[in-house]
Amino acid sequence: MSSSRQTPLSSNPAGDHESTVTVLGLGPMGRALAGAFVAAGVRTTVWNRTPGRDRELIEQGATGAASAAEAVAASPLTVVCLVNYDATDAVLRQEPVTAALKGRALVNLSADIPGRARDTGRWAAEHGIAYLDGAIMTPAATIGTPRSVFLYSGPEELYEAQRPVLDALGGSHTRLGADIGRAAAFDIALLDLFWTSMAGYTHALALAGAEGVTPRELAPFAQGIGAILPPLFEEFAEDAESGGYSGEGNPLTSAVSTMTHVVHASEAHGIDAGIMRSIEGLARRTVALGHGADGFSRIAEVLGRWSGAATGTASSRS
């Protein structure tokens, strides 16, 4: 891990300590974060709302704190990782903790929506706390390895000041911009992709099983479907930015037909077809708007149009 001596807060929000961090929250991900810091030789203080979870980390060399305020006061940088921002608010917005954070750096790796991230950014600014919002895009087992992926948003100077410590977590670290909500925006979009993909696969396993196909038999072919997706991600991104939405080779009218087959086969076996019915419904509505010859990516534009109509804040291409 690289390190650098840090200058006072006036020019460096990290403070004047070197390789020192506090971790608040010791669930599976929090323990992985703290463990990676300890393994990298970073002086680490830990605290958790439920007592006892720090025992193994203390045995490894971490220092346990009796309270969140005590933990924050021990380091120029605090990393918090809790289940959501209701949980982080319950910890960070206690007066003793807020007071201890003043003049220090806070990196929030909890998961929530962009609006909550921006609200926390405003709160931090009001209380003199140097704040980065972040997202962890890989499982706890990857932390401390080259496979981990971290996203951040917030001030560039603050991000660069904290990199020597954050690098102890391994993997790739990317700052996405000054807007404090951008890391959460990427996170929520990628979680959308992940969970809808997992839902599709589990439904496919159920449907295949109803037809006598075992999960192990299906898996290699499912991986083949997965290999098709990365080029499509690039193609759909180009469609969305250019407004092309080409349906050459697979227009929406044809896609709707295959979706209907999945619905009928599922329901014939008594399998809930709600997932595919939802997708089929979106496709049919897009066709009804006059886009039957377009590709599946046109649905993204239509969804954005409906979102704009509902919120009054977004516009769409015609």
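Tutor: Start with the overall make-up, keeping in mind that this is a predicted model. The protein chain holds 12 helices and 8 strands.

Student: What share of the 318 residues in the protein chain is buried?

Tutor: The C-alpha atoms fill a box of roughly 65 × 45 × 35 Å along the principal axes. The chain exposes about 15900 Å², with 57% of that supplied by carbon and sulfur atoms. A residue counts as buried when its relative accessible area is under 20%. Of the 318 residues, the buried share is 42%.

Student: Which side chain of opposite charge is nearest to Asp 187?

Tutor: Asp 187 lies in helix α8, residues 182-210. Leaving aside residues up to four places away in sequence, Asp 187 touches Ala 111, Ala 135 and Met 137. Asp 187 is buried and has no salt bridge; at 13 Å, the nearest side chain of opposite charge is Arg 118.

Student: How many salt bridges does a search of the whole structure find?

Tutor: The protein chain carries 23 positive and 33 negative side chains, and the centres of the two sets lie 4 Å apart. A salt bridge requires a side-chain nitrogen of Lys or Arg within 4 Å of a carboxyl oxygen of Asp or Glu. The search of the whole structure gives a total of 10.

Student: How many residues apart are the salt-bridge partners Arg 116 and Asp 86?

Tutor: Their side chains meet at 3.1 Å, N to O. The pair links distant parts of the chain, with Arg 116 in helix α6 and Asp 86 in helix α4. Arg 116 is partly exposed at 22% relative accessible area, while Asp 86 is exposed at 51%.

Student: Why are Glu 280 and Arg 284 separated by about one helical turn?

Tutor: Glu 280 and Arg 284 form a salt bridge of 3.2 Å, N to O. Glu 280 is buried at 8% relative accessibility, and Arg 284 is partly exposed at 44%. The separation is about one helical turn because both residues lie in helix α11 and are spaced by 4 residues.

Conventions:
Residues are numbered from 1 along each chain as its sequence is written. This is a predicted model: local features need pLDDT of at least 70, side-chain atom pairs count only at pLDDT 80 or more; totals for chains, interfaces and linings use all residues. Side-chain values use heavy atoms; hydrogens and water are left out. Helices (H or I, at least four residues) and strands (E, at least two) are DSSP runs, numbered from the N terminus. Buried means under 20% relative accessible area, exposed over 50%, partly exposed in between (1.4 Å probe, protein chains only). Accessible areas come from the Shrake-Rupley method with a 1.4 Å probe; for residues, only the protein chains shown count as cover. Lys and Arg count as positive and Asp and Glu as negative; His and the chain ends are not counted. The place of a charge is taken as NZ of Lys, CZ of Arg, CG of Asp or CD of Glu. Contact means heavy atoms within 4.5 Å.
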